[in-house]
Amino acid sequence: SALQGLQTLKPQIGARLKAAAATANAAIAASKAAQTAALHAKYAGARAKLVAEAALARSEARTKKTAAETSVKEAATTQIAAIRESAQTEITKLTAAQPQILADDRKALQDGKKDLKDAARDAAETAKGIGDDYVAKYQEELANTKESESRWDRFVNGPNYEKNKVKAKIDAARETAKKFAQGYKESANEQASALGGMMGQVLADMRKAISATKREIIQRRNADIKAVNGLKKAGLQAVRGAYRAKLQEITAAHQQNTQALQQAKQGDIQQLNQVAQQQKQQVQTMVTTLTSSLSAPIDTTFAEMQQGVASIADAIGGAQVPDPAAIGSALSSAVSQISGTVSSIVSSFSSGLEQGAAAITQIGASANAALAGVVTAADAKIQGQVQQAKAGYQQMIAALEGEMSAATQAPIAQMGTVASEAAACFTQKGAIVEDLRASVENLKG
């Protein structure tokens, strides 16, 4: 009966430990599922952050591009307005000055005609005065002239020869003065007529000069505006090229960051599986160890009991005349000893089996902490990857700002140069007003 009771203990080992192992493995599986879900959630969140950081970087790049485009466009608008204004200032000045210049030219020519006639009249009066002086002189000479008393001279030259000579000088003086006066008048009339004919050409030339200068200013203005628009186009192309290149860089970085995150996720999932498998292996090892340690005392005790019973049987069978009292006493003592041993083993077995089952169950309970540690470490690594990606995008945007500055600085400076040179050119061409005025003064002279 005791031996039969001892034999029933071993089946209990397998059943109890299997139940504990099943509980532990279920706990491990549940922890693995929960921590795997947590890991997926953390990686999903990190993926969303990477997408958000890449989108933010693209948005900041777009903002930088828009600002750079605006600076180029505003610079072009400002310089084109300056070119138009400086050109229009000179054109307005020429337009305003033209009537006065033409009027001055016309007056100078008209004054020239009058001056010529006045000069001719003065010259004629002077010639007449000179002639009159000679006439008076010769008349005085005539009054004092006496004829020769020689009969021969009177015969040869006539009776009034000497007076006739003086009279001839008087007539010559009057005729010469008259011719000089007439010549001065005719010359003045010819030159005045020439000035009158020249007036139309001079005024036409003045108009042509002013019109030609306006056309040159307009042509230069249009060419400079075209040049500024060309610089604007080049600047915008440079800005947009830098922007497109930066978008490609951001996209490439995002792909690399996403791939790195995916690789890290695969590694962490593999580590979760490994830790879960290790926990299950611990459970199995514990079951095997406990099965062996709990079965060994039972097998040893059972063998010892069988050997004791056999010894009693041998002792009883060897006696020539069995003593019932001795046999009874021996059997009673053996049964008592076996019962005590079995009771002790059963008590120790039950306690050890429960402790072993609890240890197995504890492995399952502690598995969650080990698996959670994997997730915690993974989370720290994930956050590091996200921060590293963010820092990379920030560096890209900082570099883009420099690239945008380089793309806009040169064309904007060149626009300013074009506008400055245009203003100087317009001012120089507008100076023709002074040249025309000087020509009027020369004409007066």
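Tutor: One definition comes before the questions: a nonpolar core is a set of buried Ala, Val, Leu, Ile, Met, Phe, Trp, Tyr and Cys residues joined through side-chain atoms within 4.5 Å. Keep in mind that this is a predicted model.

Student: Which residues touch the most other members of the largest nonpolar core?

Tutor: The largest nonpolar core holds 46 residues. H2, helix H4 (161-318) and H5 each supply at least two residues of this core. The residues that touch the most other members are Leu 17, Ile 250, Val 283, Ile 360, Tyr 393 and Met 404.

Student: Which helix gives the largest share of this core?

Tutor: H2, H4 and H5 each supply at least two of its residues. The largest share, 18 residues, comes from H5.

Student: How many residues are in the other core that lies apart from it?

Tutor: Among the members of this other core are Ala 75, Ala 76, Met 415 and Ile 432. Its residues number 20.

Student: What is the secondary structure of the chain?

Tutor: From the N terminus on, the elements run α-α-α-α-α-α. The count is 0 strands and 6 helices.

Student: Is Ser 86 buried or exposed?

Tutor: Ser 86 is found in helix H2, residues 9-143. Beyond its neighbours within four places in sequence, Ser 86 is in contact with Ala 423 and Phe 426. Its relative accessibility is 15%. Buried means under 20%, so Ser 86 counts as buried.

Student: The backbone oxygen of which residue lies 3.0 Å from a polar atom of the side chain of Ser 86?

Tutor: The atom on the Ser 86 side belongs to the side chain and is polar.

Student: Why does Lys 381 count as partly exposed?

Tutor: Lys 381 lies in helix H5, residues 324-430. Leaving out residues up to four places away in sequence, Lys 381 touches Tyr 43, Ala 264 and Asp 268. Partly exposed covers the range between buried, under 20%, and exposed, over 50%. Lys 381 is partly exposed because its relative accessible area is 38%.

Student: How far apart in space are Lys 381 and Ala 264?

Tutor: In sequence, Lys 381 and Ala 264 are 117 residues apart. In space, from C-alpha to C-alpha, the distance between Lys 381 and Ala 264 is 8.6 Å.

Student: The charged end of which residue sits over the ring of Tyr 243?

Tutor: The charged end is 5.1 Å from the centre of the Tyr 243 ring. It belongs to Lys 65.

Methods: Residues are numbered from 1 along each chain as its sequence is written. This is a predicted model: local features need pLDDT of at least 70, side-chain atom pairs count only at pLDDT 80 or more; totals for chains, interfaces and linings use all residues. Side-chain values use heavy atoms; hydrogens and water are left out. Helices (H or I, at least four residues) and strands (E, at least two) are DSSP runs, numbered from the N terminus. Buried means under 20% relative accessible area, exposed over 50%, partly exposed in between (1.4 Å probe, protein chains only). Contact means heavy atoms within 4.5 Å. A polar contact is a pair of N or O atoms within 3.5 Å; within protein, one must be able to donate a hydrogen and the other to accept it, and residues adjacent in sequence count only if both atoms are side-chain atoms. A charge sits over a ring if NZ of Lys or CZ of Arg is within 6 Å of the ring centre and within 35 degrees of the ring normal.
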